[in-house]
Amino acid sequence: MFGYVMVNKEALSPEEMLRFRECYCGLCRSLRVRHGMSGQMTLSFDMTFLLLLLSSLYEPQETSGEERCAPHPRKKHRYIVSAIADYAADMNVALAYYKLMDDWADERKLLRRTEAGFLKGSYARVEKLYPEKCREIERRIRELSEIEKRREAGIDAPANCFGKLLGELFVYKKDFWEDTLRPMGEALGKFIYMMDAYDDLKEDRKKGNYNPLTALEGADFENVCKSALTMLIAECCLEFEKLPLIQDVELLRNILYSGIWTKYESIRAAREGGRKGAKK
C-alpha cells in the first residue's frame, strides 16, 4: 500500500534531486543502523516524504556523510540523517510489521509470517519508544482488515481508516502543528489507499479479492476516480500550504503537485493499454 508518494524527477533541479537522494539514503541508513537488514528492506518513498516534511517544519540538526552499502557497493553515496530520520525509520518498521502480520492472518502465507518474524525484535523496540503510535497502528490495521473481510461497498470506510492511521504518524509532537499535520496526513492516507485500490483493481477482480472501487465501476469510472483523487490531494495540499516551510518546500511541492500524478498516469496508461489490447 506504499510507493505512491514519489518525486517527478524531470521537474526537479539537480540540487533538489541530490537533496532527495541524500534524505532517501539517510532513511535507508537509519533503518539499517536501528533495525538491521530486515528493517532496511522496508524502505519506502512515502516515509521519505514524511522525513522531508517534518525536517522542513522542525529543522533538526542534520549529519551528512558518505558510504557504500549493500544495494550500492561500488560507489560511495551521500546521506543525511537526523532525529527525524530515526523517527521515520521507526514508523516505517512498525507499519511494515503490522501489515505483514495482517497479511499472514488474512492469507496464511508462510512468507509473510517469516518476514514479520524478522521484524519482531525491531518492532518491540519501536513499541517501547512509541507505545501510543503502535497502538493506533494496530487498531487501524485491525479495523481495516475487518472492513475488507466484510467486503464493505464503497471507498469511504477503508480509506478513512487508513487516513486516520497515517494522520497519527504525521504528528511528530503534541504541539501547535498537530492540528495541521494530522488532517494533512489523513487526506494523504485516503489518497494512498484509493491509489492502491485503483492500481490493484484488475488483479483483484481476477483473483476475486476485495476492492472497494468495484462499486464505482461504470461508464464514467475513470473520471470519477480522477475527481476523487484530485479532491483528496487538494485537501492534503490545503493543509500543507498552512505550514511555514522554507527548506525543501519546492521539493515537497514537486511531490504533492506533480510526483504523485506521474504515478497515477503510469497506472492509468497501463490500464488503458490493457483494455486496448483486449479489444484487438
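Over which residues does pLDDT stay under 50? The answer is residues 276-280, and for this stretch the model has zero contacts beyond four places in sequence. For the protein chain as a whole, the mean pLDDT is 89, and 92% of the residues reach 70 or more.

A word on the ground rules before we walk on. This is a predicted model, in which local features need pLDDT of at least 70 and side-chain atom pairs count only at pLDDT 80 or more, while totals for chains, interfaces and linings use all residues. Residues are numbered from 1 along each chain as its sequence is written, and side-chain values use heavy atoms, with hydrogens and water left out.

Let us start with the overall build. The protein chain has nine helices and two strands; both kinds of element are DSSP runs numbered from the N terminus, with helices being H or I over at least four residues and strands being E over at least two. Read from the N terminus, the order of elements is α-α-β-β-α-α-α-α-α-α-α. The radius of gyration, taken over C-alpha atoms, is compared with a globule rule of 2.2 Å times the number of residues to the power 0.38. The protein chain has a radius of gyration of 19 Å, close to the 19 Å that the rule gives for 280 residues, so the chain is as compact as a globular protein of that length. Along its principal axes, the C-alpha trace spans about 55 × 45 × 40 Å.

Now think about inside and outside. A residue is called buried under 20% relative accessible area, exposed over 50% and partly exposed in between, using a 1.4 Å probe and protein chains only. Of the 280 residues in the protein chain, 50% are buried. The accessible surface comes to about 14,000 Å², and carbon and sulfur atoms hold 52% of that area. These areas come from the Shrake-Rupley method with a 1.4 Å probe, and for residues only the protein chains shown count as cover. Among the contacts with a separation of 6 or more, 71% are between residues 24 or more positions apart.

Next, look at the charged side chains. The structure holds 24 salt bridges, each being a side-chain nitrogen of Lys or Arg within 4 Å of a carboxyl oxygen of Asp or Glu. In one of them, the side chains of E62 and R19 meet at 3.0 Å, N to O. This pair links distant parts of the chain, 43 residues apart: E62 sits in the loop between helix 2 (45-58) and strand 1 (63-67), and R19 in helix 1 (residues 14-40). E62 counts as partly exposed because its relative accessibility is 28%, whereas R19 counts as buried because its value is 12%.

D90 counts as buried, at 1% relative accessibility, while D86 is partly exposed, at 25%. R34 counts as partly exposed, at 28%.

Finally, turn to the aromatic rings. Rings of Phe, Tyr and Trp (its six-membered ring) pair if their centres lie within 6.5 Å; planes under 30 degrees apart count as stacked, over 60 as edge-to-face and the rest as tilted. A search of the whole structure finds 16 such pairs. The ring centres of Y97 and Y98 are 5.6 Å apart and their planes meet at 75 degrees, so this pair is edge-to-face. Y98 also forms an edge-to-face pair with Y123, at 5.1 Å centre to centre and 85 degrees between the planes. That pair links Y98 in helix 3 with Y123 in helix 4 (residues 110-129), 25 residues apart. Y98 and Y123 are both buried. Elsewhere, F191, Y198, F221, W261 and Y264 form one aromatic cluster.

Note on methods
pLDDT is the predictor's confidence in each residue, from 0 to 100. Contact means heavy atoms within 4.5 Å.
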